[in-house]
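The following note reviews selected local features of the structure shown below.

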Amino acid sequence: MKQLRLFATATFGVEAVVARELKYLGHERTTTDNGRIYFDGDFEDLCKANLWLRAAERVYVLMGEFNATTFNDLFEATKAFPWENWLPRDAEFPVTGGCVKSTLMSVSDCQSIIKKAIVERLKQVYKLDIFPETGTKYRIDFNILRDRVTLSIDSSGTGLHKRGYRSLAYAAPIKETLAAAMLLISRWSPGKILVDPFCGSGTIPIEAALMAMNCAPGLEREFDCQEWPNIPKEVWYRVLDEAREQIKQVDEIRIQGYDINPNAISIANYHAKQAGVDKAVHFQARDVKNLSSKEKYGFIVTNPPYGERIGEKKDNAALYKLMGESFKKLDTWSFYIINSDQEFEKHFGKQSDKNRKLYNGGMLCYYHQFYGPKPPYQPEA
């Protein structure tokens with residue numbers, strides 16, 4: 001198969017997680033730069049990355065990189081790339097992107113120049129003066145950072161956080177990719193008890209259940225590159241069939257989600273059924289002050305409320321204090337809590353063992369990691 005230069009994008013703080021996921025998919029050699037994790041692969045690797053990456057935002061095919069300080073530089077270098085290797089004569093190819101700290105700072109002008117350059121290239125190849133753009137979509141992306149231009153094609157289409165199971169609205173949901181990243185950063189692994197006491201519409205427990213069942217997160221959605229004619233259909237069929245064969249059924253429920261709002265629990269149950277993991281996760285209406293468990297060495301991974309208005313901050317401080325008191329009962333457990341309040345640890349009553357900056361919906365947050373004791377060593381029978 002054709003060797004490609006590919007990259008996956010990740011939000012700030014998640015790059016190493018995505019690099020680790022790619023390593024698990026067989027890509028030992030990756031490089032990271034400005035939220036992009038580069039790797040080499042073929043068509044099958046492109047399909048697998050879209051299907052299996054849990055924490056990445058999108059997967060791109062890299063067309064090339066070059067320096068440009070004038071529109072002529074941008075036009076000529078763009079035109080030099082073999083766009084005909086990807087774009088058929090009826091391709092729809094919108095151009096989007098951004099410019100940061102560069103001589104060329106007009107996004108709209110750069111869009112126009114890049115589009116014109118691609119059209120000129122395709123005119124020479126296909127001997128057409130007008131392109132109908134009625135066929136398959138190829139989203140052209142450009143990024144200009146300090147006069148360095150990166151041109152790529154978005155193979156994902158809709159962002160990878162759109163798994164397809166979360167169709168009902170609920171207040172302040174966490175993105176599926178961030179929920180997965182939180183789980184992958186934590187020391188939790190399938191088979192260990194996991195609780196989210198502020199589960200809302202169920203995203204964190206559902207992502208954990210997908211991991212426990214070894215279910216590819218993109219299995220129930222579509223990607224732009226599925227319609228690209230230069231990727232043989234049998235490649236996609238093979239990758240999808242292999243993913244379905246790898247799904248495991250769980251013997252017992254070890255993943256639980258609680259929320260004080262019964263309506264949230266109804267939504268979470270619906271979403272779990274949509275995701276096909278309803279037999280792997282249990283949801284229940286419960287106040288965090290009533291949190292308890294007979295289990296030892298469990299994990300809490302959660303996204304509690306954190307409003308920014310003055311009244312909300314006061315209420316949140318009281319909630320965080322209540323969390324600290326309630327979590328004390330679980331003295332062998334580990335806690336992983338994302339929050340935007342810089343004084344969270346003060347209200348919670350405990351200093352975290354590790355803190356990591358992450359972004360939730362564009363808001364800077366802190367991922368507080370409180371490590372519980374290691375379970376005693378148990379030799380195999």
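1. Residue classes. In the class counts below, Ala, Val, Leu, Ile, Met, Phe, Trp, Tyr, Cys and Pro are nonpolar, Asp, Glu, Lys and Arg are charged, and the others, Gly among them, are polar. By these classes, the lining of the largest pocket holds 17 nonpolar, 8 polar and 4 charged residues.

2. Basis of the values. The model is predicted: local features need pLDDT of at least 70, side-chain atom pairs count only at pLDDT 80 or more, and totals for chains, interfaces and linings use all residues. Residues are numbered from 1 along each chain as its sequence is written, and side-chain values use heavy atoms, with hydrogens and water left out.

3. Largest pocket. A pocket is an open set of points, on a 1 Å grid over the protein atoms alone, where a 1.4 Å probe fits, with protein on both sides within 12 Å along at least five of seven lines; lining residues have an atom within 4 Å of a point. Grid points are joined across faces, edges and corners, and a volume is the space filled by probe spheres set on the points. The largest pocket has a volume of about 630 Å³. Its lining comprises 29 residues, and those nearest the centre are Ala171, Ala172, Asn303, Pro304 and Pro305. Helices and strands are DSSP runs numbered from the N terminus (helices H or I, at least four residues; strands E, at least two). At least two lining residues of the largest pocket come from each of α6 (203-212) and α9 (310-327).

4. Second largest pocket. The volume here is about 500 Å³. Tyr24, Arg54, Leu184, Met211 and Asn214 are the closest to the centre among the 18 residues that line this pocket. Each of α1 (15-24), α5 and α6 supplies at least two lining residues, and α1 gives the largest share, with 4 residues. The lining of the second largest pocket divides into 11 nonpolar, 3 polar and 4 charged residues.

5. Salt bridges overall. Side chains of opposite charge can pair when their charged atoms come close. A salt bridge is counted when a side-chain nitrogen of Lys or Arg lies within 4 Å of a carboxyl oxygen of Asp or Glu. The model has 14 salt bridges by this rule.

6. Glu44 and Arg238. These two residues form a salt bridge whose closest N and O atoms are 2.8 Å apart. The pair joins distant parts of the chain, with Glu44 in helix α2 (residues 43-52) and Arg238 in helix α7 (residues 233-245), 194 residues apart. Burial is classed by relative accessible area (buried under 20%, exposed over 50%, partly exposed in between; 1.4 Å probe, protein chains only). Glu44 is buried because its relative accessibility is 17%, whereas Arg238, at 32%, is partly exposed. A network of salt bridges links Glu44, Lys48 and Arg238.

7. Lys175 and Glu57. Which parts of the chain does this pair link? The side chains meet in a salt bridge with an N to O distance of 2.8 Å. Lys175 belongs to the loop between β7 (148-154) and α5 (176-185), and Glu57 to the loop between α2 and β4 (58-67), so that the pair links distant parts of the chain, 118 residues apart. Lys175 is partly exposed at 28% relative accessible area, while Glu57 is buried at 13%.

8. Lys123 and Glu120. The closest N and O atoms of this salt bridge are 3.4 Å apart. Lys123 and Glu120 are 3 residues apart in helix α4 (residues 107-126), and therefore about one helical turn separates them. Lys123 is partly exposed at 27% relative accessibility, and Glu120 is partly exposed at 25%.

9. Backbone geometry. Most residues other than glycine have a negative phi. Arg146 has a positive phi near 50°, and Asp147 has a positive phi of about 70°. Arg146 lies in the loop between β6 (139-145) and β7, and the place of Asp147 is in the loop between β6 and β7. Arg146 is exposed, with a relative accessible area of 53%, whereas Asp147 counts as buried at 19%.
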